[in-house]
Amino acid sequence: MEGKEAATLKKKRLSGRRPEIIGEELFKKYAVLVPVIDVDGTPHLLFEKRSPKLRHQPGEICFPGGKLEPGESLKACAVRETVEELNVRYRQIKVMGPGDIYLSPFQLMIHSFIGTIEDYHDTFSTDEVEAIVKVPLEFFINNQPRTYMSQLVQKLPEDFPYEWIPGGEKYPWANGDHEILFYQYGPVTIWGMTAQIARSAVELMKEYCIR
């Protein structure tokens, strides 16, 4: 009887499990905050211009965020990075909820969170940030990004075992497309992963936050 009960319990656990992503362990995991701030009574999205001193993507526009640390939750990561990069206090940040997950074809997994920063006075850490950029939320609501498609092509190693697959070297490999988005706000270009996350977050805010 115990064996049957144990088997039934396992089946129930299987039916209620959260699906995981196959190959997720190969992705580098990051978390970002999509900050909403009040500017003269009007909601704005807050971005950073990355410091030219940084090794990766200097000078680009991004949201505050960074790499997940061992034992850290994704939400805690997004908040911690925001505190460090914008020189704000934890109590100033209110996370409204999770945004969507961005999967890069280059094995990056970015979890986004939508939140507000209260009483923000344009502070930031010059170690990581060159400047801050404020863009009215209405701009993203009224303007769709320009879209360009980049083709991703298979490149196999020299020792690939073609003899194990039907057709061998003539196997009809599928190629993929990678969508690259651009928003142009005056002289500011918001593009790539940041534009993808911004578009997604604005759609969620329209659904859940804006009447």
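Tutor: Start with E81, which counts as buried because its relative accessibility is 9%, and buried means under 20%. Keep in mind that this is a predicted model.

Student: Which residue does E81 meet in a salt bridge?

Tutor: The general idea is that side chains of opposite charge can pair when their charged atoms come close. Here the side chains of E81 and R80 meet in a salt bridge, at 3.2 Å from N to O. R80 is buried too, with a relative accessible area of 11%. R80 also forms a salt bridge with E72, where the closest N and O atoms are 2.6 Å apart, and E72 is likewise buried.

Student: How many salt bridges are there?

Tutor: The count comes to nine salt bridges. Another one joins the side chains of E179 and R199, at 3.1 Å from N to O. E179 lies in strand β9 and R199 in helix α4, so this pair ties together parts that are 20 residues apart in sequence. E179 is partly exposed at 28% relative accessible area, and R199 is partly exposed at 25%. Salt bridges that share partners also join E69, E72, R80, E81 and E84 into one network.

Student: Now the nonpolar side chains. How many residues does the largest nonpolar core have?

Tutor: To read a core, look for buried nonpolar residues whose side chains join up. The largest one here has 26 residues, and L45, F47, F140, I190 and M205 have the most contacts inside it. Elements that give two or more residues to this core include β1 (28-39), β2 (42-50) and β9 (176-185). The element that gives the most is α4, with seven residues.

Student: Which residues is I190 in contact with, leaving aside its neighbours within four places in sequence?

Tutor: I190 is in contact with F47, I61, V135, F140, L181, F182, Y183 and A195. Apart from this core lies another, of 15 residues, among them L33, L46, Y120 and I132.

Student: Is S104 buried or exposed?

Tutor: S104 is also found in strand β5, but this residue is buried, with a relative accessible area of 5%. The side chain of S104 reaches the backbone nitrogen of F106 at 2.9 Å. Leaving aside neighbours within four places in sequence, S104 is in contact with F27 and M193.

Student: What should I look for in backbone angles?

Tutor: Most residues other than glycine have a negative phi. Q57 has a positive phi near 50°. Q57 is in the loop between β2 and β3 (61-62) and is partly exposed, with a relative accessible area of 41%. D122 has a positive phi of about 60° although it is not a glycine. D122 is placed in the loop between β6 and β7 and is partly exposed, at 38% relative accessibility.

Student: Is H121 buried or exposed?

Tutor: H121 lies in the loop between β6 and β7 and is exposed, with a relative accessible area of 57%. The side chain of H121 makes a polar contact with the side chain of D119, at 2.8 Å. H121 and N87 are 34 residues apart in sequence, and their C-alpha atoms are 9.7 Å apart in space.

Technical notes: Residues numbered from 1 in each chain as written. Predicted model: local features only at pLDDT ≥ 70, side-chain atom pairs only at ≥ 80, totals over all residues. Heavy atoms only, no water. Core = buried A, V, L, I, M, F, W, Y, C linked by side-chain atoms within 4.5 Å. Buried < 20%, exposed > 50% of the residue type's maximum accessible area, 1.4 Å probe, protein only. Helix = DSSP H or I, 4+ residues; strand = E, 2+ residues; numbered from the N terminus. Contact = heavy atoms within 4.5 Å. Polar contact = N/O pair within 3.5 Å; in protein donor to acceptor, adjacent residues only side chain to side chain. Salt bridge = Lys/Arg side-chain N within 4 Å of Asp/Glu carboxyl O.
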